[in-house]
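Here is a friendly briefing to read beside the sequence and the model.

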Amino acid sequence: MSAITSIGRPKTAHDYAIRQMVGTIGKYVLVYGLGLAFVLFSTLPLIWGISTALKVPSEVYAFPPSWIPTTLTFENFFLVVQNKNLLRAFLNTLIIASGTTFIALVVGVLGGYGFARYHFPGRNMLLWSVLFTKLFPRVVVIVPFFITLRNLQMMNSYQGLILVYLMVTFPVAIWLLKGFFDKIPVEIEEAAVIDGCNLPQLLWYVILPMSRPAMIAVAMYSFILAWNEFLFALVFTNGLERRPLSIALAFFIDENGIRWGELMAASVVMSLPAIIVFSFAQKLLVRGLSDGAVKG
Amino acid sequence: MVATHRTAARRSQSISLKAQRRRRAYLLVAPAVVLIALMMIYPIVQTIYFSFSKVQLPALRTTFVGFDNFVRILNNPETGPLVRRTLVWIAGSVALKMTLGLVAALVFNAKVRGTVWMRVLVILPWAIPSVVGANLWRWIVQTDAGVLNQTLRSWGLESWALNWLGDPSTAMFTVIVAYSWGGFAFVMLLILARLQGLPEDINEAARVDGANWWQIFRYITLPSLSGVLAVALILEIVSGMNSFDTLMIMTGGGPANATRIWGIDIYKTGFTEFNLGGAAAQSVLMFAAVIVVFSVYGGVNSRIARRQGEAA
């Protein structure tokens, strides 16, 4: 019957409304079903990790596995906080990530402003080089960096690690800040220049206060990149002294094997800054990651 | 006379202004240039130099050996399997990430109320450090006490409880899943950003004309995504080529070299076998491969741009 109507004569508003309703319900079912599947795929491993971190050792290996700890304990977290090696690694990461973020910000503000406001011979080539540094495979540079750091006696030092970490952070800082400066209207600066502002004053009193949100986002992003870095940390440190958190967690093992409860607690602690930052600056990060690659 | 004099003066003034501006610009970008030189040009030159040398530890004395390192790679019976494993790794992880990313983007782009919290949760694996993700999966797929095998056992599927990372036949697959788990959200975000910039009225018009969802997807949505899909593809291929963290932490390239792909191989050649010349030669080859990938992408990109230019 409905087939005949649909062929025979123009659809009535009633038919259309029903079809639309069925379509909407179908869409809801499909979107919610698939969406939940993705949510489960993404979060179940995380939930399992958190659950392990909150269990007493005997329950960690329980069969069948229990997703909700029967006896909730923060013992693992206390152990992590008291673990001297982990604390030192935490401090190392903090120092290295802060140092590299600071330098990346300085280079990023100067370079980003230069690229945004001035046209000069070699500008595009330099911009592409910055982008290429970002996309450049890091594995390729470990041999020359290793030899250079050895020659400079900077192996296993904060300075050395900050220097190599810059390769990860400064291109992002320049691209993101350039994108931001591009959007600041030039008229504001022209007014300042007419009032007798020189370049450093202009940057310090006019540009920086205006770009505070962008600076914060760039700082957070670069901090997280440094915080998470693993390959450089692995190659350019040895021993416990300057070892960052990422290495400490990767080789979290002692004579008794891996204490999974403690490892998961430490992992939760290490993830917190990253999760906080990503939830704040998500949009900007995606733009920063895709912008340079899409243009041109 | 006076007028020409004045314009000349103005011109010379504007030239000096221009020079001043230029000097200022170079001053501003100077730190960036130094870093580029330090981080890219210098390492590339160094790597090429080392690839033709034998580097002896601990003094790092280099002796020129010509193409020795490359010949050795060519003659190494391990090179074939290494290339094959790397290709499997790239193809597997890129396919999985792109599929998951595209489907997730389409799902979360649907204008359905109450899906924002889902999107936030789906991004989480991308946000956490790769070290954490790798350890998490190592614990999940652990043979004896891992939740995956324990769950399978409790369901009576004893024979499905495999030694996921310890068995060469499943290790690669397992790490690909873990790696894609941590990375697909990035592809999703890229595509989602593009989808949200697309005008909705075209889809509406097509729907009124009687197009079904597949036709809309195939002939409207997909073509307008071609640019961002190409970008995602290229970024994922390159990151797959040099990916290191997840593999190194989960398997260390084992068992029996089953997950020893290119990036791991460079690290191990250089820093556990202390053959820095060999590692440099491999790095040069990988660098060349990355250049090839980017050039192919550049070519395709400009062709797409030209075609779109013609259409418009």
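Helices (H or I, at least four residues) and strands (E, at least two) are DSSP runs, numbered from the N terminus. On that basis chain A has 14 helices and zero strands, while chain B has 12 helices and two strands. This is a predicted model, in which local features need pLDDT of at least 70, side-chain atom pairs count only at pLDDT 80 or more, and totals for chains, interfaces and linings use all residues. Residues are numbered from 1 along each chain as its sequence is written, chains are lettered from A and ligands numbered from 1 in the order in which they are written, and side-chain values use heavy atoms, with hydrogens and water left out.

**Overall form of the chains**

- From the N terminus on, chain B runs α-β-β-α-α-α-α-α-α-α-α-α-α-α.
- With a radius of gyration of 27 Å, well over the 20 Å that the globule rule gives for 312 residues, chain B is more spread out than a compact globule. The radius is taken over C-alpha atoms, and the rule is 2.2 Å times the number of residues to the power 0.38.
- The C-alpha trace of chain B spans about 100 × 75 × 30 Å along its principal axes.
- The C-alpha atoms of chain A fill a box of roughly 85 × 70 × 35 Å along the principal axes.

**Burial, contacts and surface**

- Buried residues (under 20% relative accessible area; exposed is over 50%, partly exposed in between; 1.4 Å probe, protein chains only) make up 52% of the 296 residues in chain A and 50% of the 312 residues in chain B.
- Contact means heavy atoms within 4.5 Å. Among contacts with a separation of 6 or more, residues 24 or more positions apart account for 73% in chain A and 63% in chain B.
- Chain A exposes about 14,300 Å², with 69% of it from carbon and sulfur atoms. For chain B the accessible surface is about 15,400 Å², and carbon and sulfur atoms hold 65%. These areas come from the Shrake-Rupley method with a 1.4 Å probe; for residues, only the protein chains shown count as cover.

**The nonpolar core**

- A nonpolar core is a set of buried Ala, Val, Leu, Ile, Met, Phe, Trp, Tyr and Cys residues joined through side-chain atoms within 4.5 Å.
- The largest one has 187 residues, and A:Phe232 and A:Phe236 touch the most other members. Helix H7 (residues 168-195) of chain B gives the most to this core, with 17 residues.
- Leaving aside neighbours within four places in sequence, A:Phe236 is in contact with residues including A:Ile142, A:Phe145, A:Phe146 and A:Leu149.
- Just after H7(A), A:Gln153 takes a positive phi of about 60°.

**Two threonines in chain B**

- B:Thr115 sits in the loop between helix H3 (79-109) and helix H4 (116-127) of chain B. Its relative accessible area is 5%, so B:Thr115 is buried.
- Not counting residues up to four places away in sequence, B:Thr115 touches A:Val31 and B:Phe108.
- B:Thr221 lies in helix H9 (residues 213-241) of chain B and counts as buried at 10% relative accessibility.
- Beyond its neighbours within four places in sequence, B:Thr221 is in contact with B:Leu106, B:Leu195 and B:Ile216.
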